[in-house]
Amino acid sequence: MPAKDLHTMSRAELAALVNQALDHVETYQGVLQGDAYGRGIKFLVEDKVQLGLAKEQMGSGGQDIPPA
């Protein structure tokens, strides 16, 4: 929050404050979206690795694995 009371700020000061807040929100949301994308990719890679290991283990056990 600004040190100055919002009711005493000029129109230009309020516009600058709102602009600064919007920039902050945009930056923060971009980080959150990037984090969510990274977590999603991580889970996909982990699933693919675990599936590959399971197929490998089943294959070495003499069991045929149908293709996905």
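**A tour from Lys42**

Start at Lys42: at 46% relative accessibility, this residue counts as partly exposed. Buried means under 20% relative accessible area, exposed over 50%, and partly exposed in between (1.4 Å probe, protein chains only). The model is predicted: local features need pLDDT of at least 70, side-chain atom pairs count only at pLDDT 80 or more, and totals for chains, interfaces and linings use all residues. Residues are numbered from 1 along each chain as its sequence is written, and side-chain values use heavy atoms, without hydrogens or water.

Next, select Glu46. Glu46 forms a salt bridge with Lys42, with the closest N and O atoms 3.7 Å apart. The term requires a side-chain nitrogen of Lys or Arg within 4 Å of a carboxyl oxygen of Asp or Glu. The structure holds one such bridge. Lys42 and Glu46 are four residues apart in helix α1, and therefore separated by about one helical turn. Glu46 is partly exposed, at 36% relative accessible area.

Now colour by secondary structure.

Move to Val49, which sits in helix α1 (residues 11–60). Val49 is partly exposed, at 45% relative accessibility.

Finally, show the whole chain. Of its 68 residues, 1% are buried.

Note on methods: Helix = DSSP H or I, 4+ residues; strand = E, 2+ residues; numbered from the N terminus.
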